[in-house]
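Work through the exercises below with the sequence and the model in view. Each task is followed by a solution in steps.

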Amino acid sequence: MTIGYTVGQLRAAVADAVRAPSLHNTQPWRFRLRDGGIEIAVDPLRGLPATDPTGWGARIACGAALYNLRLALAVAGTPATVRLRPYPADPDVVARLVPDVPRRPTPIEQGLYGAIAHRFSNRAPFWPDPVPAEARWRLGEAARAEQCWLELVIGASAVNALAEVARSAHRVLERDPAYVAERVEWIRSEPAPDGVPAAAGGPHSEPQDLLPQRGFGGRNRAPGRDFEPEPLVAVLGTPGNTGTDQVVAGQALQRVLLTATDAGLGVSMLSQPIEVPGAREALRLSLGRFGTPQMVMRIGYGQPGRATPRRPVDEVLDLPVVPA
């Protein structure tokens with residue numbers, strides 16, 4: 001068994017970890033090497049006080065980065081044992097990874113790792129092609145493998161009910177000037193290493209849209225390019241809603257997203273019904289589920305999504321100072 005990870009292994013794995021999604025592409029994570037283990041922590045300087053006052057979104061993002069990190073280490077032949085939120089006195093540290101017994105990566109790990117570089121949020125309308133049953137099954141299995149549940153919302157009446165909850169939550173959020181100002185702050189019209197480029201923001205919302213879209217300064221859509229009238233919508237959830245549950249949800253979310261990418265599917269995420277407590281509870285009741293919804297996703301086939309920028313690896317590392 002390897003005694004500990006090296007700085008070189010840390011850098012290589014973090015290059016993949018930072019491809020994870022985050023609210024407004026804030027990239028709220030830090031990585032460090034400590035006593036031979038790799039630790040991931042929430043970066044408090046990259047919080048969203050208006051959008052994410054509880055830190056739920058940052059923990060989801062760090063969980064997604066953790067899943068990428070796990071994959072990168074496994075594919076390199078240096079898999080990790082993971083301990084979530086290892087320090088009660090320092091809850092910002094979401095995970096610690098130490099070397100496990102070296103082994104060859106599984107075919108599933110290799111396939112999901114290969115999808116990391118091709119996973120982009122797709123905020124554009126999807127084609128009318130239905131998502132086949134085998135792909136739907138794979139998405140559910142991906143969530144279950146990470147101790148979460150994935151509810152596929154099937155049928156016009158069920159989708160319309162979810163859409164009404166999402167639109168109601170969106171209206172609540174849009175009435176908050178601080179929330180709107182915070183979103184605008186993260187829209188990028190010029191090249192930048194973080195935030196959402198206007199070109200990747202998706203088309204502007206229109207009154208006939210079933211599901212709400214965040215206003216990221218996108219473009220007007222072409223005539224006839226309405227969003228699909230009956231999209232495949234999935235809700236990811238956890239048994240509880242502790243900080244640890246949210247990190248677990250982030251890992252499951254990333255596994256679902258990579259599974260979808262590997263199957264040739266596009267995904268956009270809708271967190272508005274999660275961000276408003278009343279809407280989240282209404283969503284849970286409408287699904288008839290125990291536990292807590294953690295993310296809503298729209299899934300389908302379409303043109304590839306657009307990549308959003310990432311900060312250089314050195315900007316997210318906390319390396320020990322070597323004495324001169």
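This is a predicted model: local features need pLDDT of at least 70, side-chain atom pairs count only at pLDDT 80 or more; totals for chains, interfaces and linings use all residues.

Residues are numbered from 1 along each chain as its sequence is written, and side-chain values use heavy atoms, with hydrogens and water left out.

**Exercise 1.** Describe how helix α2 and helix α7 cross.

Solution. Start with the elements: α2 covers residues 56-75 and α7 covers residues 243-262. Helices are DSSP runs of H or I with at least four residues, numbered from the N terminus. Next, take the axes, which come within 7 Å and cross at roughly 55°. Axes are lines fitted to C-alpha atoms over the stretch in contact, and angles run from 0 to 180 degrees between N-to-C directions. The two helices α2 and α7 are therefore oblique to each other; angles under 35 degrees count as roughly parallel, over 145 as roughly antiparallel, 65 to 115 as roughly perpendicular and the rest as oblique. Last, sort the residues of the contact (heavy atoms within 4.5 Å): 10 are nonpolar, seven polar and three charged. Here Ala, Val, Leu, Ile, Met, Phe, Trp, Tyr, Cys and Pro count as nonpolar, Asp, Glu, Lys and Arg as charged, and the others, Gly among them, as polar.

**Exercise 2.** Find the orientation of helix α4 relative to α7, and the residues that touch.

Solution. Helix α4 (residues 133-145) packs on α7 at about 155°, with the axes 8 Å apart. That angle makes α4 roughly antiparallel to α7. From α4 the contact uses Arg 138, Leu 139, Ala 142, Ala 143 and Ala 145. From α7 come residues including Ala 252, Arg 255 and Asp 262. By class there are seven nonpolar, one polar and three charged residues.

**Exercise 3.** Which residues join α5 to α9?

Solution. The axes of α5 (residues 156-174) and α9 (residues 277-287) are 9 Å apart, at an angle of about 175°. Leu 162, Val 165 and Ala 169 of α5 meet Ala 279, Ala 282 and Leu 283 of α9. The contact has six nonpolar, no polar and no charged residues.

**Exercise 4.** Where does the charged end of Arg 298 sit?

Solution. Arg 298 has its charged end over the ring of Phe 126, 4.0 Å from the centre. A charge sits over a ring if NZ of Lys or CZ of Arg is within 6 Å of the ring centre and within 35 degrees of the ring normal. Arg 34 likewise lies over the face of Tyr 87, at 4.8 Å from the ring centre.
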